[in-house]
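Dear colleague,

I am passing on the structure we talked about, and below it you will find my notes on what turned up in it. Please read them with the model open beside you.

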Amino acid sequence: MFSATRLMAVVLLVVMTTTRPPRPGEIEGVNYFFRSEEQFQDMIERDEFLEYMCVFGKNHYGTPKAYVAEQRAQGNDVILEIDVNGALNVKKRCPDAVMIFIAPPSMETLKKRLVGRGTETEEAVERRFAEAVKELAAAGEYDYIVVNDSLDKATLSSPRAAPPSPWSKARPT
């Protein structure tokens with residue numbers, strides 16, 4: 001049986017590129033690759049992202065192709081923590097990608113989690129909640145759906161941690 005800690009040692013979470021400023025404690029190349037808006041736009045022009053987007057009209061985020069290719073060439077599995085549109089774009093560029101939708105146990109729980117962070121204004125919470133509702137509608141496009149009711153339980157449903165049977169195969173609703 002795998003714990004959440006063990007699973008994280010097996011795969012790599014891809015370090016994303018962003019135009020937002022670092023938060024206290026964040027480290028360049030560990031949490032994000034921090035770039036200016038101009039640098040980010042240059043990277044777009046050079047086709048250096050698997051996917052990218054502007055989040056809520058403020059900051060850009062992107063998945064650097066070279067970083068992903070380097071990790072895969074080293075035999076590492078990678079996880080991209082991205083939104084639905086990004087995932088669908090990655091799938092077009094990397095047809096062998098396995099898409100896993102992380103779903104909240106309920107919309108009420110999601111709302112409580114968003115509010116409980118204490119990092120967002122009420123308006124931002126509402127915007128994020130509305131976006132989550134839209135994203136849930138696209139869950140059927142994914143290969144698998146994992147309900148994030150608790151980290152350890154959700155992790156136990158992953159392909160490296162358990163046989164495929166606990167997984168819910170995504171299907172249109």
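I begin with a contact between charged groups: the side chains of Asp47 and Arg93 meet in a salt bridge, with 2.9 Å from N to O, where a salt bridge is a side-chain nitrogen of Lys or Arg within 4 Å of a carboxyl oxygen of Asp or Glu. This pair links distant parts of the chain, since Asp47 sits in the loop between H2 and S4 while Arg93 belongs to helix H4 (residues 84-93), 46 residues apart. Helices (H or I, at least four residues) and strands (E, at least two) are DSSP runs, numbered from the N terminus.

Before going further, please note that this is a predicted model, in which local features need pLDDT of at least 70 and side-chain atom pairs count only at pLDDT 80 or more, while totals for chains, interfaces and linings use all residues. Residues are numbered from 1 along each chain as its sequence is written, and side-chain values use heavy atoms, with hydrogens and water left out.

Most residues other than glycine have a negative phi. The loop that holds Asp47 runs between helix H2 (37-45) and strand S4 (49-55). Asp47 counts as partly exposed at 38% relative accessibility, and Arg93 likewise counts as partly exposed at 39%; here buried means under 20% relative accessible area, exposed over 50%, and partly exposed in between (1.4 Å probe, protein chains only). Asp47 and Arg93 also belong to a network of salt bridges that includes Lys65.

By the salt-bridge rule the count comes to ten. Another of these pairs joins Asp143 to Lys91, with the closest N and O atoms 3.6 Å apart, and it too links distant parts of the chain, Asp143 lying in the loop between H6 and strand S8 (144-147) and Lys91 in helix H4, 52 residues apart. Lys91 is partly exposed, with a relative accessible area of 26%.

A further salt bridge, between Glu123 and Arg127, has its closest N and O atoms 3.8 Å apart. Because Glu123 and Arg127 are four residues apart in helix H6, they are separated by about one helical turn. Glu123 is exposed, with a relative accessible area of 60%, whereas Arg127 is partly exposed at 33%.

As for helix H6 itself (residues 122-136), its 15 residues should span 21 Å at 1.5 Å a residue, and its end C-alpha atoms are 21 Å apart, which agrees; the expected span is 1.5 Å times one less than the number of residues. Ala124, Val125, Phe129 and Ala132 are buried in H6. Seen down the axis of H6, the buried residues fall within an arc of 135°, so they line one face of the helix, the arc being that of the directions from the helix axis to the C-beta atoms. These buried residues pack against helix H5 (107-117), contact meaning heavy atoms within 4.5 Å, while Glu123 and Lys134 are exposed on the other side of H6.

Finally, a search of the whole structure finds seven aromatic pairs, rings of Phe, Tyr and Trp (its six-membered ring) being paired if their centres lie within 6.5 Å, with planes under 30 degrees apart counted as stacked, over 60 as edge-to-face and the rest as tilted. Phe33 and Tyr67 form an edge-to-face pair, 5.7 Å centre to centre with 70° between the planes. Phe33 lies in strand S3 and Tyr67 in helix H3, so the pair ties together parts that are 34 residues apart in sequence. Both Phe33 and Tyr67 are buried.
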